Amino acid sequence: MQITITTLSDQLFTIDVSEDLELENFKALCEVETGVPAIEMSIVWNGRPLHDDKLTLQQYGIRHGEIVLIQHLRGQLRQNHGAGERSQAAGFPNIDFGSIRLPGEGSAGPSRREDDPMFIRDMLLKNPSQLALLKERNPPLADALLSGDMGKFAQVFNEQRQLRVQQEQERIRLLTADPFDPSTQQQIEETIRLKNVETNMETAMEFAPESFGQVHMLYVDCNVNGHPVKAFVDSGAQMTIMSQACAERCHIMRLVDRRWAGIAKGVGTQAILGRVHLCQIQIGDVFLQSSFSILENQPMDMLLGLDMLKRHQCVIDLRKNQLEIGTTGTITPFLGEADLPEHARLNQPGSSGQDDDHDLTEALSRSVQETGGNSLPASKPTASAAPSQTSSSSASQQFSEAVVTRLMSNGFPRHAVLEELRRSNGDADQALASLFSKSFTMP
């Protein structure tokens, strides 16, 4: 059956429950929706408070479509009528224990811990889920954290904290600025644009989270002149290339025709030393004829381009994760991430192998020469997003204003602080870790 819930703060929602649900379990469901602790919750139906937590909704006479009121009893001791016990609430003073300092805290108290990069670093390292979220949403701070350099982490932490404070101050300034001023209009337009980007990204995270995952590039094992080489399969590259270091390791630099030297132009530029007109590549048990253009500075050893793939009628089968060579019928599996070259692995901190491979592919496909590449790493895109805005009318009454103000001093907006406090059931440290993990690097 459906029960409509309302609160004194004008919250209104409907939940589906069983008529055999006990009152204490019903309160637990309401706690998830309202954030009001079940121990401080009073359920009122038809003007009558319900006290016995062991009775079911059916026993109370609550039926489908009924409306119940939730009251938050702050600082009061509940009466347990079902057990026949009565609290002596009037006899106990209402003591605020929030000002009591715990042993081991410094003289500055807990309000200063959020300013300490060491405290934030230890808090993130102790929470694997927040650390994983930090790697995804705030790569600069995550890289500084995992580098082990406390000075670097403190620098990045303070820079981002100051940036958030400035952005929050700018947002407050826009609320009081002249809306018809051209500069204000531009800032409002940019704010709306960023908000749309944030909403789009949040929607993608909810409905298409796989789009944020990283995939490693396609590599196969092969042999060139008897030397093992991990070759990058790239159907977007025009020609097959090899780095100078790999050519020297395979002892084929003596075959380089330097009359084919030049400059490869694409996303960047790179020197072409020349071309090896004919050489054998062993893939599995078969030998294939191919030519190579030798690039001077190239992170990957070899790239199998479209010329080689079309010549031997290759099929890239992503469903079976294998490369099929049509002219010989040979099938070779693509390498797993653990078998990739060092520069191409995704799990290395600060690794730009994927960006280099992408730039190389784009350079080869755009090159005005016969072949090309790019050794200049591209800058990684940064995401811009912020937590969605939630209703703060009831949430602000559940938490201490001092705690909210303390967290807001790090540059986080009030609605985001209240939302994380609600999700963490009032745990300020957990809310702070979540806020830092979800903080996006602004463009």
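This is a predicted model: local features need pLDDT of at least 70, side-chain atom pairs count only at pLDDT 80 or more; totals for chains, interfaces and linings use all residues.
Hi everyone, let me start with a pair of strands: S1, residues 2-7, is joined to S2 by 5 bridges, and the two run antiparallel.

In what order do the strands of the open sheet come? They go S2-S1-S5-S3-S4, 5 strands with mixed pairing. Strand S2 (12-16) and strand S4 (48-50) are the edges, each pairing on one side only. On average, neighbouring strands here are turned by 35° against each other, direction ignored. Helix H1, residues 23-34, lies across S1, S2, S3, S4 and strand S5 (67-72), and it runs at about 110° to S3.

Let's stop at one residue in S3 (residues 41-45), valine 44. Is valine 44 buried or exposed? Its relative accessibility is 13%, below the 20% cut-off, so valine 44 counts as buried. Setting aside neighbours within four places in sequence, valine 44 is in contact with Pro49, Val68, Leu69 and Gln71. From the C-alpha of valine 44 to that of isoleucine 67 is 9.2 Å, with the two residues 23 apart along the chain.

Last stop, the helices. In H5, residues 139-146, the buried residues are Leu141, Ala142, Ala144 and Leu145. Looking down the H5 axis, these fall within an arc of 165°, so they line one face of the helix. They pack against helix H3 (117-125), helix H4 (128-137) and helix H6 (150-176). After H5 comes glycine 148, with a positive phi near 85°.

Thanks, happy to chat!

Key: Residues are numbered from 1 along each chain as its sequence is written. Side-chain values use heavy atoms; hydrogens and water are left out. Buried means under 20% relative accessible area, exposed over 50%, partly exposed in between (1.4 Å probe, protein chains only). Helices (H or I, at least four residues) and strands (E, at least two) are DSSP runs, numbered from the N terminus. The arc is that of the directions from the helix axis to the C-beta atoms. Contact means heavy atoms within 4.5 Å. Two strands pair if DSSP finds at least two bridges between them. Axes are lines fitted to C-alpha atoms, for helices over the stretch in contact, and angles run from 0 to 180 degrees between N-to-C directions.
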